[in-house]
Amino acid sequence: MNKRFFRNQRLKLASDFRRLSEDSVYKVVTEFFVLKILPNQLSFSRIGIITSKRVGCAVERNRARRIIREIFRTAIQSRYGTYDLLVIVRPAILQTRFIVVRDKFLSSMEEYFNKNSNTENCS
C-alpha cells in the first residue's frame, strides 16, 4: 500500500470544513486536539487540520500540522474506511512526544469504531 500523503487527501474548501464542524457524527476532545469524524463517499479518507495562533508561532504551528499529517499518513489512511477528519490542534501537542499523541489519536479512532460497531449490532 502506498503511504504517500497526496493533496487530494487534504480538506481545502471552507465548505468542507464547515460541513465537518456542523455535521460531524463523532467528536473527541483531548488535551492535544479535538477530532471530528464524518463518513465520506470517496474511495479515500481526507483530513483537515486547524492550527490557530494560540498554538504558537508559524514554526510551531507547522510542526503541529506535520505531526498530525504523519499520524494520518502512517496509521489512519490504511487502517480505517473512508472518512473526513477534522483535527483542531491544541498547544499541548508541542510539549508531548510523538508516540503519546499518536497513541491518543489512534485510541480516539478506535473508540469511534468500537462505538459504531456496537450500534450496528444492536439494530
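1. Basis of the model. The structure is a predicted model, in which local features need pLDDT of at least 70, side-chain atom pairs count only at pLDDT 80 or more, and totals for chains, interfaces and linings use all residues. Residues are numbered from 1 along each chain as its sequence is written, and side-chain values use heavy atoms, with hydrogens and water left out.

2. Confidence. The pLDDT is the predictor's confidence in each residue, on a scale from 0 to 100. Its mean for the protein is 85, and 88% of the residues reach 70 or more. Over residues 119-123 the pLDDT is below 50, and this stretch has zero contacts in the model beyond near neighbours in sequence. Contact here means heavy atoms within 4.5 Å.

3. Overall architecture. The protein has three helices and four strands, and from the N terminus on its elements run α-β-β-β-α-β-α. Helices (H or I, at least four residues) and strands (E, at least two) are DSSP runs, numbered from the N terminus. Among contacts between residues at least 6 apart in sequence, 79% join residues at least 24 apart.

4. The accessible surface comes to about 7,100 Å², and 49% of it belongs to carbon and sulfur atoms. Such areas come from the Shrake-Rupley method with a 1.4 Å probe; for residues, only the protein chains shown count as cover. A residue is buried under 20% relative accessible area, exposed over 50%, and partly exposed in between (1.4 Å probe, protein chains only). Of the 123 residues in the protein, 41% are buried.

5. Helix α1. In this helix (residues 14-23), the buried residues are Asp16, Phe17 and Leu20. Seen down the axis of α1, these buried residues fall within an arc of 100°, so they line one face of the helix; the arc is that of the directions from the helix axis to the C-beta atoms. Ala14 and Glu22, on the other side of α1, are exposed. The cover over the buried residues of α1 includes β2 (33-39), β3 (46-50) and β4 (83-89).

6. Strand pairing. Two strands pair if DSSP finds at least two bridges between them. Strands β3 and β4 run parallel and are joined by five bridges. In β4, Leu86 is the bridge partner of Gly48, and Val87 is that of Ile49.

7. Burial of the strands. Four of the five residues of β3 are buried, so this strand is largely enclosed by the rest of the structure. Strand β4 is mostly covered, with six of its seven residues buried. In a regular strand the side chains alternate between the two faces of the sheet.

8. Nonpolar cores. A nonpolar core is a set of buried Ala, Val, Leu, Ile, Met, Phe, Trp, Tyr and Cys residues joined through side-chain atoms within 4.5 Å. The largest has 29 residues, of which Leu35, Leu85, Ile93 and Phe105 touch the most other members. The elements giving two or more residues to this core are β1 (26-29), β2, β3, α2 (58-79), β4 and α3, and α2 supplies the largest share, seven residues. Apart from this core lies another, of five residues, among them Leu11, Phe17, Leu20 and Leu38.

9. Ser108. This residue has its place in helix α3 (residues 98-122). Ser108 is buried, with a relative accessible area of 3%. Neighbours within four places in sequence aside, Ser108 is in contact with Tyr26, Val28, Thr30, Phe33 and Leu35.

10. Val55. This residue lies in the loop between β3 and α2. At 6% relative accessibility, Val55 counts as buried. Its contacts, leaving aside neighbours within four places in sequence, are Glu60, Arg61, Ala64, Val89, Arg90, Pro91 and Leu94. The C-alpha atoms of Val55 and Ile93 are separated by 8.6 Å, although the two lie 38 residues apart along the chain.

11. Arg4. In the segment before α1 lies Arg4, which counts as exposed at 51% relative accessibility. Arg4 and Glu70 are 66 residues apart in sequence and, C-alpha to C-alpha, 9.8 Å apart in space.
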